[in-house]
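Reader: I am new to this. Could you walk me through how to read it, feature by feature?

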Amino acid sequence: MTETILSVRDLRVTFETPDGPVSAVRGVNLDLKSGETLAIVGESGSGKSQTTMAMMGLLAANGRADGSVTYRGREILNIGERALNGIRGKKITMIFQEPMTSLDPLYRIGRQLAEPLRYHAGLSARAARPRILELLRLVGIPDPERRINSYPHELSGGQRQRVMIAMALANDPDILIADEPTTALDVTIQAQILELLADLQKRLGMAIVFITHDLGIVRRFADHVAVMRYGEVVEDGAAEALFAAPKHPYTQMLLDAEPEGRKEPPAEDAPALLTGDDVRVTFHLGGGLLAKPTPLHAVKGISVSLHEGQTIGVVGESGSGKSTLGRALLRLTESTGRVAWLGKELPEGIDAMRPYRRELQLVFQDPFGSLSPRMTVGQIITEGLLIHEPTLSRKDRARRADEALAEVGLDPSMRNRYPHEFSGGQRQRIAIARTMILRPRVIVLDEPTSALDRSVQKQIVTLLRDLQAKHSLSYVFISHDLSVVRALSDHIIVMKAGEIVEQGPTDAVFDAPRQDYTRALMAAALSTTRFRTAS
Amino acid sequence: MLGYTLRRMASAIPTIFIIVTLTFFAIRIAPGGPFDLERPLDPLILANLQRAYNLDAPLWQQYLIYLGNLVQGDLGPSFTRRDFSVNDLFAQGLPVSILLGSLALLAAAIMGTFLGAVAALRQNSWLDNAIVAIATLGITTPNFVIAPLLSLLFGVVLGILPAGGWSDSNPAYWILPIVTLALPQVAVIARLVRGATVEALRANHVRTARAYGLPGRVVVGVHALRAAMLPTVSYLGPTAAALLTGSVVVETIFGLPGIGRYFVQGALGRDYTLVMGTVVVIAVFVVLFNLLVDLAYAWLDPRVRYD
Amino acid sequence: MTDATTNAAPSRSLWQDAWRRLRANRAAVTSLIVLIVLGLAGIFGPMISPHPYGQIYQQYVRVPPSLEAYPRAEEIEPAIESLIRRARVEAVGAEVEGQTATVAVRSDQPIDTRITRYFERSDQFTNPQLELADDGMTGTLTVTVDRNYFLLGTDNLGRDMLSRILIGVRISLAIGLLASAMALVLGVAYGAISGYLGGRVDNVMMRIVDILYSLPFIFFVILLLVFFGRSLFIIFIAIGATEWLDMARIVRGQTLSLKRREFVQAAEAMGATRSGILRRHIIPNALGPVIVFVTLLVPKAILAESLLSFLGLGVQDPMTSLGLLISEGAQNMRGAPWLLFGPAATLTVILFALNFLGDGLRDSLDPKER
């Protein structure tokens with residue numbers, strides 16, 4: 001009854017680069033049956049996206065695909081744009097990771113939705129309109145009569161992804177390819193989009209190829225799973241079987257990559273190091289010579305108290321003010337209210353704060369942006385020493401750099417290399433070494449693991465926990481990723497729109513969240529129940 | 001949109017005012033005057049002349065008089081061409097400059113966009129390389145090299161076009177000046193459009209259009225080229241202002257009666273009113289075309305709002 | 001994307017990477033070589049050229065380019081004869097042998113030995129020796145034929161075009177480089193301060209730039225020239241003072257975007273001083289775009305100088321520049337087109353090479369841009 005509608009045989013993708021050819025996909029075989037969900041799982045650089053790009057004829061100009069892809073017995077690989085256009089957008093459609101940029105910013109969404117209908121179903125703009133409204137309703141866009149005339153920038157990220165899905169469904173496709181469709185979205189929006197996809201599949205019966213790095217999603221969504229690494233499928237099989245008994249060590253490693261373990265709680269009588277009382281941050285947006293700036297209250301009166309050896313996890317969605325709170329606690333952004341270090345109020349101003357900076361450190365989310373590309377690793381991690389221990393000799397600085405690199409698990413001989421020669425995880429270790437070299441007591445960690453692959457995340461979490469135990473550090477850990485927060489924190493603050501909606505000891509918050517918002521965050525991030533009720 | 005236009009025009013007035021003021025005092029305190037001829041004038045005649053042109057009044061008074069006249073649209077009498085007012089000179093010269101400049105602009109926009117788009121669509125082919133190389137040559141060859149060469153080739157060697165001179169009615173006289181004016185702009189626009197199109201073709205929304213099986217002409221024409229036009233439109237504003245106010249080089253080499261020459265002649269001969277008039281005309285053109293560009297930009301890109 | 005695999009390769013900084021990419025770019029490397037050759041020619045050419053750039057050869061006005069030496073073989077005897085006639089003596093027979101010409105002369109009166117001056121003054125002959133017979137009425141005149149090469153011809157006054165083009169290259173490149181250096185210093189300082197301080201200071205500083213921007217370049221130059229008199233120094237000051245505006249805008253934009261980068265914030269969080277941040281983070285990272293812009297600034301400055309000279313506002317005779325040579329060439333192109341072709345081709349090659357080098361640098365410093 002379930003026939004195979006798409007089959008990929010020995011697919012290879014090679015890119016010509018100035019440094020020679022790079023093979024991104026090396027002989028992939030996949031089969032997709034009608035109506036099923038196939039998940040392709042892998043970390044960044046595994047070739048999972050390029051596999052589907054090759055199928056759809058969307059490789060970059062320097063890419064070449066070999067092998068065979070057949071749709072209902074018909075070869076579709078390298079058959080030319082014109083022939084391929086009979087299938088893509090009609091029988092096989094696709095949604096992308098970047099909802100913000102995947103729609104043309106210059107046209108109303110109604111017009112963009114009409115295009116697949118015009119060129120595949122031959123409908124006129126007028127004839128397409130009822131169908132477009134129906135599609136918008138189907139994907140849950142409120143007030144479609146009005147929204148049909150919106151430009152993409154007038155919609156939120158989640159709404160844009162819904163519009164993309166509507167576009168994908170326009171011609172009742174057989175296959176929907178979803179390339180990390182929720183990665184760029186907040187967790188609660190992610191859950192809604194996934195629910196929508198599951199629901200639509202149930203109603204419309206198309207097959208879905210779901211590309212993701214997130215095994216949590218796969219578990220709840222897929223019938224069949226293929227795990228990719230270095231351009232190859234290392235393991236594939238039915239989802240349940242694969243999760244129950246992974247055969248390949250890489251799959252096992254990915255499944256284990258969920259950060260686990262709990263942090264040892266700090267001593268009962270640990271002294272309070274950093275306290276914030278009624279901290280408020282207001283930004284003034286826009287405003288010119290005449291226009292009055294509009295105030296944005298990013299943090300609306302938050303009080304926290306960080307004790308020695310403690311980790312406070314701050315969770316919330318983007319725009320909730322959690323990063324701003326972290327920066328305000330370090331006096332890196334102007335705020336009102338009291339911020340005190342060991343009971344003494346911290347001064348404002350660059351020069352006045354300098355003596356305190358050595359003990360109050362910050363680690364950023366983006367390991368690619370936070371290291372200056374023109375400096376060697378050695379120069380980067382010793383910059384703080386130049387500021388806080390200017391009397392140190394060059395030799396002593398080099399010795400301290402070696403110690404710091406060794407402490408974060410990097411080879412000290414890498415001191416003379418440049419950041420672009422390192423992977424994301426290594427860079428984040430360098431960023432941590434840069435703070436550790438100053439022997440700080442408090443580190444604000446602003447989403448330090450969000451840009452990293454799961455397996456790397458786990459290592460960084462372990463590293464952070466080890467460093468904390470060894471040096472009795474205190475952390476403010478800012479993240480939207482609840483599983484990481486749970487593995488690191490003693491105390492949780494849940495933020496929404498600049499306010500604390502809930503806080504308490506980690507286990508208490510996780511085991512019995514009191515607020516709907518917290519529950520939604522948890523359900524979206526940690527639930528293992530499947531989206532689809534029937535299959 | 002009307003309100004926006006009016007607001008923009010109003011906000012341009014202070015800029016023009018500052019420019020007029022700066023130029024006025026700069027040229028006035030410069031050594032020399034309009035009547036410093038090789039043979040000094042009789043002091044009595046000089047005094048009469050200065051009185052006739054209000055040059056004997058204090059500088060600030062002259063400035064106020066000039067501003068007063070300017071507001072009424074009177075640019076004053078020319079000092080060196082004593083039978084003409086500056087308004088007369090512009091009435092004669094400006095149509096010529098505008099005619100040549102606008103035709104050159106039109107030609108450059110069409111040719112440049114075409115060549116740039118072709119190069120981008122055939123990226124890294126021989127055609128692309130040829131267009132880029134020729135465009136680089138076009139950008140680097142100064143117009144005072146192109147103009148004499150064209151004049152020599154078509155006017156003298158081949159003898160198929162007039163080597164110089166002007167006729168209101170015979171377009172044959174217009175061709176070489178237009179080509180000279182347009183060539184460097186063709187080159188710049190071609191490179192701009194090429195760069196923008198290459199970028200647009202890589203944009204995610206163009207990938208979406210391709211993924212949905214839209215025909216190539218729709219992907220390129222509707223989704224890529226419109227985005228690619230945006231930087232070109234920004235470039236066209238100042239360029240149009242420069243082209244339409246004449247080019248001293250082209251007018252000198254081809255002997256054209258445009259207004260491009262007035263600036264250098266006026267400044268060198270201390271023809272105060274002529275210099276000021278040129279500055280005002282150029283400033284007005286710059287303001288006007290920047291406004292047009294912003295309106296076109298907002299029309300092309302819905303993300304830009306009038307505010 | 002940079003995975004663990006890269007660690008085996010020898011360490012390369014971004015500068016080294018850029019240099020490697022630049023060397024792979026054939027057009028840029030060719031341009032660089034052409035520019036070096038032209039630069040050396042501009043510096044040393046006038047020194048080793050047999051013709052000083054200002055020397056006038058009255059006998060060789062507007063001679064076309066030629067690989068042969070002047071005077072040509074067939075012109076020697078007529079030239080001698082005409083000079084002999086002007087000396088009012090009679091030539092009995094003339095012989096030309098290699099570089100030397102021997103003329104037997106006689107006259108009805110005693111020959112004045114000063115007739116050699118006619119030959120001394122001539123551009124075609126040197127070293128005249130007159131040996132008179134005892135009667136003083138006959139004698140032998142030996143002169144050396146002065147062979148001159150004018151590979152690119154001569155101009156209206158009889159000056160060697162090659163020497164003039166070489167000195168023009170020197171002047172044009174020198175003004176281009178000096179004016180760009182001035183624009184660089186002014187622009188980087190102004191832009192970095194404006195961008196780094198931000199806020200109201202930035203607003204005011206950029207408004208000033210906007211206003212200066214809308215003043216026409218030529219007007220500004222003419223003003224400077226009438227205030228301070230015409231000199232090479234003022235020309236380069238004037239060009240530098242107009243070209244720095246773009247540089248200031250670019251540096252400001254760079255500074256503004258760098259200020260928001262996380263590595264600058266990281267340095268702030270570490271307590272770095274303002275000057276430390278500017279020195280260690282902002283300037284090194286803004287350098288790439290600035291270098292690219294300078295390579296595009298040099299041709300602009302050269303072009304500006306040429307335009308001024310073309311309009312008669314720049315360098316003055318007998319000193320010359322490519323723009324002035326082109327202007328003279330354009331006036332004489334009907335009779336003597338080589339006066340236009342030589343300098344026009346040289347200027348175009350310089351500008352072309354600088355532009356290709358700039359493009360190559362941009363591609364190698366920021367490979368994403370292309």
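Predicted model: local features only at pLDDT ≥ 70, side-chain atom pairs only at ≥ 80, totals over all residues.

Reader: How many helices and how many strands does chain B have?

Author: Chain B has twelve helices and zero strands. Its C-alpha atoms fill a box of roughly 85 × 55 × 35 Å, taken along the principal axes.

Reader: What share of the residues in chain B is buried?

Author: A residue is buried if 20 or more other C-beta atoms lie within 10 Å of its own. In chain B, 43% of the 307 residues are buried. Look also at contacts between residues at least 6 apart in the sequence of chain B: 73% of them join residues at least 24 apart.

Reader: Now a single helix. What span should α1 of chain B have, and how far apart are its end C-alpha atoms?

Author: Count 1.5 Å a residue.

Reader: Which residues of α1(B) are buried?

Author: They are I19(B), T23(B), F24(B) and I27(B). These buried residues pack against α3 (59–71) and α12 (272–300) of chain B, together with α6 (199–214) of chain C.

Reader: Next, a helix pair. At what angle do α11(B) and α12(B) cross?

Author: Their axes cross at roughly 145 degrees and come within 8 Å. The crossing of α11(B) and α12(B) is left-handed.

Reader: Which residues of α11(B) and α12(B) meet there?

Author: From α11(B), take Y262(B), F263(B), G266(B) and A267(B). They meet L274(B), V275(B) and T278(B) in α12(B). By class, this contact has five nonpolar, two polar and no charged residues.

Reader: On to contacts between chains. How many residues do chain B and chain C each give to their contact?

Author: Chain B gives 29 residues and chain C gives 29 residues. On the side of chain B, the elements with two or more residues are α1, α5 (126–140), α6 (143–157), α10 (248–254), α11 (260–268) and α12. That side has 24 nonpolar, five polar and no charged residues.

Reader: And how many residues does the contact take from chain A and from chain C?

Author: It takes 28 residues from chain A and 23 residues from chain C. On the side of chain A, α12 (350–357), β16 (360–363) and α13 (377–388) each give two or more residues. The largest share, four residues, comes from α13(A). The classes on the side of chain A are ten nonpolar, ten polar and eight charged.

Reader: Let us turn to sheets. What is the strand order in the six-stranded open sheet of chain A?

Author: The order is β6-β7-β8-β3-β9-β10, with mixed pairing. Neighbouring strands of this sheet are turned by 15 degrees against each other on average, direction ignored.

Reader: Why is one side of β6(A) and of β10(A) left without a neighbour in the sheet?

Author: β6 (92–95) and β10 (232–238) stand at the edges. Each has a single partner strand, so one side of each has no neighbour in the sheet.

Reader: In which sense do β3(A) and β8(A) pair?

Author: Strand β3 (residues 37–41) and strand β8 (residues 207–212) of chain A pair in the parallel sense, over five bridges. One pair to find is A39(A) with its bridge partner in β8(A), F210(A).

Reader: Which strands does helix α6 of chain A lie across?

Author: Helix α6(A), residues 157–169, lies across β6 and β7 (175–179) of chain A. It runs at about 175 degrees to β6(A).

Reader: Last, the loops. What should I look for in the phi angles?

Author: Most residues other than glycine have a negative phi. Here Y230(A) has a positive phi of about 50 degrees although it is not a glycine. Y230(A) is in the loop between β9 (224–229) and β10 of chain A. With 16 C-beta neighbours inside 10 Å, Y230(A) counts as partly exposed.

Reader: What is the phi of L342(A)?

Author: L342(A) has a positive phi of about 55 degrees, although it is not a glycine. Find L342(A) in the loop between β14 (336–341) and β15 (344–345) of chain A. L342(A) is partly exposed, with 13 other C-beta atoms within 10 Å.

Note on methods:
Residues numbered from 1 in each chain as written. Chains lettered and ligands numbered in written order. Contact = placed C-beta atoms within 7 Å. Nonpolar A, V, L, I, M, F, W, Y, C, P; charged D, E, K, R; others polar. Expected span 1.5 Å × (residues − 1). Buried ≥ 20, exposed ≤ 12 C-beta atoms within 10 Å, placed from the backbone. Pairing = 2+ DSSP bridges. Axes fitted to C-alpha atoms, helices over the stretch in contact; angles between N-to-C directions. Left-handed = near helix turned anticlockwise from the far one by under 90°.
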